[in-house]
Amino acid sequence: MSAGQFFGTPLRKSQRLAGYLFVAPTFVLFLAFVLWPILYTAYLSLTSWGGFGAPRFVNFDNYSRMLHDPVARRALIVTLALTGVTTAVLTFLGLVTAVLVNTIWRKVGVVVRTILFIPGIVSFVVSAVLWKLIYDPNIGTLNRLLGAIGLGGLQHPWLADHRTVLPAIVVVTVWGGLGFNMLIYFAGLQSIDPNLYEAAAMDGANAVQQFRHITVPSLRVVTGLIVSLGLLNGFKAFDVIFVMTGGGPNHGSEVLGTYLYRWRSVRRPVRSRNSGTPARSASSRWCSARSR
């Protein structure tokens, strides 16, 4: 055995051992706080458990009851619709705003970035309370503003009408998430070689063509990240909707998060008004009335 092999083998083993030791704390935390809760939640979904005592295994009965519950199907449709719309709008507006801040608004870019990012650091609950007051049909800023500028005919109970409640929630979601997406896109724009734009301009490409053929393709990875985050945030939506509408009116803004919360809190599936299922307790009747 040569000297290089003799001294090289233990060194490589020690490097592997050091790598495992560095990764071990993160891996243990991942197992304890991510993987185990996911697996345990999947197990609990197959049981009947009120939070006390031992869970009772019921196989797929919970899923069967949800599939046959019209409110659950409605909540799934609303969740998919809100997720798709908010992800698309936030991705598009985030990219356009970042490009404007990086080009046209460059002189005031710091101010614009700060203004747009402020809503993102506000708590979702605080944002929901604020916008609920803005949308209030009696004292809300929006209706008062419409009346002040002579558009009183457009005044509306925005959160009490199933036709306007979802667009109103989309506005709140975009308001809170635009600044974050804009900053991610703005950081991605700094990695694009300026020589590409100069070469395109010399070839006669206008601003729109440069945006389409240089900016958008160069930000594919960033766009993938933003779309992934948007989908994750959309499917776990809860706090804003729960505070603003509670899932109402008449389950018009019910998403899977609010549906599952109410299902477990009253220990039964949330039924629609004409489902024929009687209320089991005063709390369940209050919760259903609030959602309408």
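Which residues is Gly147 in contact with, once its neighbours within four places in sequence are left aside? In this predicted model, the contacts of Gly147 (heavy atoms within 4.5 Å) are with Gly152 and Gln155. Gly147 sits in helix H6, residues 141-148, where helices (H or I, at least four residues) and strands (E, at least two) are DSSP runs numbered from the N terminus. With a relative accessible area of 37%, Gly147 is partly exposed; buried means under 20% relative accessible area, exposed over 50%, and partly exposed in between, with a 1.4 Å probe and protein chains only.

Residues are numbered from 1 along each chain as its sequence is written, and side-chain values use heavy atoms, with hydrogens and water left out. Because the model is predicted, local features need pLDDT of at least 70 and side-chain atom pairs count only at pLDDT 80 or more, whereas totals for chains, interfaces and linings use all residues.

The protein as a whole contains 13 helices and 2 strands. Of its 292 residues, 33% are buried. The accessible surface comes to about 18,200 Å² (Shrake-Rupley method with a 1.4 Å probe; for residues, only the protein chains shown count as cover), and carbon and sulfur atoms account for 69% of that surface. Among contacts between residues at least 6 apart in sequence, 61% join residues at least 24 apart.

Confidence is expressed as pLDDT, the predictor's confidence in each residue, from 0 to 100. The mean pLDDT of the protein is 85, and 86% of its residues reach 70 or more. Residues 1-8 stay under 50, and the model has 1 contact for them beyond four places in sequence. Over residues 269-292 the pLDDT is also below 50, yet this stretch has 47 contacts in the model beyond near neighbours in sequence. Where pLDDT is low, the predicted coordinates should not be read in detail.

Helix H3 spans residues 70-102. Its 33 residues reach 48 Å from the first C-alpha to the last, close to the 48 Å expected at 1.5 Å a residue; the expected span is 1.5 Å times one less than the number of residues. At the start of H3, a side-chain oxygen of Asp69 comes to within 3.1 Å of the backbone nitrogen of Val71. Asn102, also part of H3, counts as buried because its relative accessibility is 13%. Beyond four places in sequence, Asn102 contacts Phe186, Leu189 and Gln190.

What of the nonpolar interior? A nonpolar core is a set of buried Ala, Val, Leu, Ile, Met, Phe, Trp, Tyr and Cys residues joined through side-chain atoms within 4.5 Å. The largest such core has 23 residues, and those with the most contacts inside it are Leu82, Trp131, Tyr135, Leu159, Val172 and Met244. At least two residues of this core come from each of H3, H5 (124-134), H7 (165-189) and H11 (239-244). H7 provides the largest share, 8 residues. Leu159 touches Lys132, Tyr135, Val165, Ala168, Met244, Thr245 and Pro249, not counting residues up to four places away in sequence. A second, separate core of 15 residues includes Val112, Met182, Ala200 and Leu219.

Finally, Asn62 belongs to helix H2, residues 61-67. Asn62 counts as buried because its relative accessibility is 12%. Its side chain reaches the backbone oxygen of Thr47 at 2.8 Å. Thr47 is also one of the residues that Asn62 contacts beyond four places in sequence, together with Leu44, Ser45, Leu46 and Trp263.

Terms used:
A polar contact is a pair of N or O atoms within 3.5 Å; within protein, one must be able to donate a hydrogen and the other to accept it, and residues adjacent in sequence count only if both atoms are side-chain atoms.
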